[in-house]
Amino acid sequence: MSDADANHKDTMNDRKNINKTHLEENNKNYNKRTSFKAMMGYAKPHRWAFVGIFCCSLLGISADLLQPYLVKIAIDDHLAVNQTSIGFLVQLAAIFLGLAIVSFIFTYIQNNLLQHVGQSIVSRIRKDLFRHISRMSMSFFDRFHIGSLVTNVSSDTETISSFFTQVLLSLIRDGMMLVLIIFFMFQLDPVLAGYSLIVLPVIAVVAALFRRMLRRAYQNARTRLSRLIAFTAENLSGMFLIQAFHQEEEQKRRFKEQNLLHLQANIIQARSNVIFNRTFDILGNAALVMMVWLGGRAVLGESLQVGVLYAFISYIRQFFQPINQITMQWNTFQSTTVSMERIWNILSTKPEVADPKSDVVTSINPRQVMGQIDFDHVSFGYLEDRPIFQSLNLHLYPGEMVGIVGTTGAGKSTLISLLNRFYDVNQGSIQIDGTDIRHIPQHTLHRIVGLIQQEPFLFSGTIIDNVRMFRQDITREQAMEACRFVGAQPMISRLPQGYDTRLSERGSGLSAGERQLISFARIVVFQPRVLILDEATANLDSHTEQLVQQALETVSQGRTTIVIAHRLSTVMHADRILVMEQGAIVEEGTHQELVAAQGIYADLYQHAREAGKPSCTTKLG
C-alpha cells in the first residue's frame, strides 16, 4: 500500500470516528430532549393549576416590588421637599402592611398549589414506573440490576419531585421577578437600567462554561449512588452466604471502596456547585458596586434624584437575587435531567415478550384446558451465538406427571421459563391444547400454568394474604380450605395468630418446607391446569420432603405436572422421566425402564445407592 493510500485510509478512519462521535452526541441530546418532553407530559393534566400558580406569583411578586417604588415616592415627592405629616406616614405604613399581607397570602397559595401539583405528578410517575417494571420480560431483569431499579423508583423520582417543587417554582417566581425588576428599573432610569443589563451576557457565558462540568459531576454522583445501593442490596440478600464463608471483612473492604468512590463523586459535585455559585456572587457584587458608583455620580451631578438611586439600588440587590436562586437550582436541574433520562430509559424499554395483537389473540377458558403441551422444533438461546435448544420436540399429555432430571446447564429451568413465556422461543412453537402460547394473553397463560420454585417467595403480610396473593375476590374460607387440602393446617395452627400470623420479608421465621406448603396452597386456590415444580424439594430434609411429596401428590391430581428434580426420589413415581443433557432429551421412560436401560439415569441411580442414600436423594449438578 502506498503512502498516499495509507494517508487516505487514515483520513477516512478519522472521519468515521468523528461521525460516530457526532452520532453518539446527537443520540444523547435526542434522548435528553425526549425524556424531558415525556416527563413534562405528566404536567399537562395540571395546566389550570399552573395558571393559578402563575397568577398568584404575579400578584405576590408585584406586591413585593412595589415597596421600593413607594419609598422612592416618599423620598423625592415628600421628604426632599419637606412635605411630611403624620397622616402621610400612617398612610404609607398602611400601604406597606397591605402589600405585605397580599404577598403573604398569594405566596402561601402558590406554594401549596405547586406542592400539590408536584407531588401528584411524581406519584403518577412512580406508579407508572412500578407498573411498567412489573410488566417487563425476564430478559429485562437480566440487564437491569435490582439495586438500580430501586434507585429509579425511590431516589430518581424524589429528584424529579424536587424539580417540580423547587426548580419549577424558581423558574416561575424568580423568572417573573427578574422581568418585573427590569421593568421597574427602566421606569426609574433607562440609562442605569441599560448598564445593569451588561452583566446578562456574562452570566450566560459563565452558565454555558459550567454546564458540562456540572452535568458530568452529577451524573457521576448518581451512578456511584446507584452502584452503592446495588452492592448493599446484594450483600443484604446474601448475608447468610457471606457469614457462612467468613467473607465479612472482604465485603467490608469492597463496601468501603464503593463508599469512597461515592464520597469522592459527591465532593467533586459540591466543589463544582461552590465555584459556580460564588462566581455569580462576585458578578452580583461587582454590578452593585458599578451601580452605586454611576448612580452616586449622577446624584452629585444633580441629574438623578436620591429616591430614584435608593429604589434602583434596592432593585439591583433584588435583581441578582432571582438570578442567584435560578443558578442555585442549576444543580437540581442537572440532577433532574439525569434522573429523567434514567427513568425514561426504563419507561421506553418495550417488553420483549408482549401480549398478542387483537388479530391473532386466542380466547381460552382456563378451566376448560385439558393440559396437552407440545414443544415443536423449539430453538432458543439467551445469546444468539450460544443456543441451548436446537429443534427440541417434547409432548406431554393431559394429566400426566413428567419428571425432568439432568446436570446443571442441561436446560431444565430454561424449558420451564419458555413454557411460562418468560422468554419467547427463537424458532418453533410451544402449544397448550393446540394453541400457540404466543397467541394467549399473558394473564390467561399464567392462570393456566402454575409455578412452584425452589425458593418460594412470600410477601410481607398474613398467611391468608400470601395464600390468596392479596386478592379480595378469593375468600378467607377458600384460602383456609386450600391449606387444609395440602396438609398445612397443623403447621399453621401452631403459629401465634394462626392464619392471621404476619410474615416478614420472604417469610423468614418459617422453615423451607413450611414455605413450600403455603406455595402449594396458593396453587390450589388459583387452580392452574398445568403445574410446574422447579426443584421444589432441593433444600428440604427427608422428613419435610415427605410432607411436600404428599402435598404434591394431592395437588397434582387431574393436572399435567412437570417436576424438575435434583433428587431422584422426587420423580421416581412419575409417569415418565426425561433425562436432559446439553439442551437435548437423551433418555425417556419410567423409573424401572430407565434403570433397566443401563444409561445415564441408571448411573445416577446407582451412584445414589452406592453413596448410601436408599431414598436416592443424591443431588444432580
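**Figure 1. The salt bridge between Asp-128 and Arg-131 in helix α3.** In this predicted model, the side chains of Asp-128 and Arg-131 meet in a salt bridge, with nitrogen and oxygen 2.7 Å apart; the term salt bridge stands for a side-chain nitrogen of Lys or Arg within 4 Å of a carboxyl oxygen of Asp or Glu. The two residues are three residues apart in helix α3, and therefore about one helical turn separates them. Helices are DSSP runs of H or I with at least four residues, strands are runs of E with at least two, and both are numbered from the N terminus. An α-helix has 3.6 residues a turn, so residues three or four places apart point the same way. Asp-128 is buried, because its relative accessible area is 13%, while Arg-131, at 39% relative accessibility, counts as partly exposed. Here buried means under 20% relative accessible area, exposed means over 50%, and partly exposed lies in between, with a 1.4 Å probe and protein chains only. Asp-128 and Arg-131 also belong, together with Arg-124, to a network of salt bridges. A search of the whole structure finds 14 salt bridges.

Residues are numbered from 1 along each chain as its sequence is written, and side-chain values use heavy atoms, with hydrogens and water left out. Since this is a predicted model, local features need pLDDT of at least 70 and side-chain atom pairs count only at pLDDT 80 or more, whereas totals for chains, interfaces and linings use all residues.

**Figure 2. A nonpolar surface patch that includes Tyr-108.** Leu-97, Ile-101, Phe-104, Ile-105, Tyr-108 and Ile-109 form a nonpolar patch on the surface, and together they have about 620 Å² of accessible area. Patches are made of residues with over 30% relative accessible area and no salt bridge, where nonpolar side chains (Val, Leu, Ile, Met, Phe, Trp, Tyr) are joined within 5 Å and like charges within 9 Å. Accessible areas come from the Shrake-Rupley method with a 1.4 Å probe, and for residues only the protein chains shown count as cover. Tyr-108 is placed in helix α3, which covers residues 86-134, and at 51% relative accessibility Tyr-108 counts as exposed.

Figure 3. Asp-500 forms a salt bridge with Arg-476, and the closest N and O atoms are 3.0 Å apart. Asp-500 lies in the loop between α16 (489-493) and β8 (502-503), and Arg-476 lies in helix α15 (residues 476-485), so the pair ties together parts that are 24 residues apart in sequence. Asp-500 counts as partly exposed at 38% relative accessibility, and Arg-476 is partly exposed as well, with a relative accessible area of 30%. Another salt bridge joins the side chains of Glu-481 and Arg-484, at 3.2 Å from N to O. Both of these residues lie in helix α15, three residues apart, which is about one turn of the helix. Glu-481 counts as partly exposed at 44% relative accessibility, and Arg-484 counts as partly exposed at 39%.

**Figure 4. The buried side of helix α15.** The buried residues of α15 are Ala-479, Met-480, Ala-482 and Cys-483. They cover an arc of only 155° around the axis, which puts them on the same side of α15; the arc is that of the directions from the helix axis to the C-beta atoms. The elements that cover these buried residues include α14 (463-468), α16 and α17 (512-526). After α15 comes Gly-487, whose phi is positive, near 85°.

**Figure 5. Thr-560 and its surroundings.** Thr-560 is found in strand β10 (residues 560-564), and it counts as buried because its relative accessibility is 0%. A polar atom of the Thr-560 side chain lies 3.1 Å from the backbone nitrogen of Gly-399. Not counting residues up to four places away in sequence, Thr-560 touches several residues, including Met-370, Tyr-397, Gly-399 and Arg-529; contact means heavy atoms within 4.5 Å.

**Figure 6. Gly-450 in strand β6.** Gly-450 has its place in strand β6 (residues 449-452) and is buried, with a relative accessible area of 6%. Gly-450 and Leu-533 are 83 residues apart in sequence, and their C-alpha atoms are 8.6 Å apart in space. Apart from residues up to four places away in sequence, Gly-450 touches Ile-523, Pro-528, Val-530, Leu-531 and Ile-532.

Notes:
Polar contact = N/O pair within 3.5 Å; in protein donor to acceptor, adjacent residues only side chain to side chain.
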